[in-house]
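Morning, everyone. Please look at the model on the screen while I talk.

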Amino acid sequence: MRFKILSLFPEIVEGFFKSSIMAKAVDKGLIEYEILNIRDYAYDKHKKCDDYPFGGGAGMVLKAEPLAEALDSINAKNKTVVFPTPSGVKYTQKMAESLAKESEIVLICGRYEGIDQRIIDEYVDHEVSIGDYVISSGEISSLVVIDSIYRLCDGVITKESLQEESFQGKYLEYPHYTRPAEFRGLKVPDILMSGNHEAIEKWRNKKRYEKTLNNRPDLLED
Ligand code: SAM
């Protein structure tokens, strides 16, 4: 899987690719990435990448020309382009699974009020929202999308780790415990130390159901 990320603040994105599981996946050649600094594609002498919105209103908008130049430089019209934005469709695990089947994904990191609509019209395949709230940096939402995808790619993490996760079926995940067996007077449920796999499975299914009912009853609606 190859990620190409267009950003005004590449240093935010860079750190993610150089840390933890992602760094290992890059080292192993399972994941490749390229970060394009949008400012490098601005051709006026001040390298201006934003401007006031037509029609008035607060804030600035990322200009079309530098974005288009950056996108053309990587032949983005022939690639899958994702633009995370609060006005996109709700991003889900199903979408992550579908995007993980691609060989290359281009992400545009928005800033300020967002990007010129003509870029969305001309280049973007998926406008996705990571939740019903507004953050200020498209780098963060693009990294959310990248993180949800790369961990599904072959060899990045074990297949067993991906099974029984939240959103695999309609239930959330069951609670986890690790050593010590007693922490500040709080004991791990006896069943988890019983060695009785059938009983453990039954307990986990019950907990899964309870958690989903409490935290996300909407998932059980159908
Ligand atoms: N004016 C925009 C609106 O009201 O929809 C919000 C722009 S936000 C301040 C700046 C950038 O952060 C967006 O262009 C997008 O890239 C990113 N962003 C903010 N909230 C997001 C969300 N819920 N999902 C995905 N991206 C988001």
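Two strands pair if DSSP finds at least two bridges between them. Strands (E, at least two residues) and helices (H or I, at least four) are DSSP runs, numbered from the N terminus. This is a predicted model: local features need pLDDT of at least 70, side-chain atom pairs count only at pLDDT 80 or more, and totals for chains, interfaces and linings use all residues. Residues are numbered from 1 along each chain as its sequence is written, and side-chain values use heavy atoms, with hydrogens and water left out.

Start with β6. β1 and β6 run parallel, joined by 5 bridges. Arg2 has Glu104 as its bridge partner in β6. Strand β5, residues 80-90, also pairs with β6 in the parallel sense, over 3 bridges. There, Val81 partners Val106.

Is β6 buried or exposed? Buried means under 20% relative accessible area, exposed over 50%, partly exposed in between (1.4 Å probe, protein chains only). In β6, 5 of the 5 residues are buried, so the strand is largely enclosed by the rest of the structure. Glu104, Val106 and Ile108 cover one side, Ile105 and Leu107 the other.

Last, Ile135. This residue sits in the loop between β7 (126-129) and α6 (138-150). Its relative accessibility is 39%, so Ile135 counts as partly exposed.
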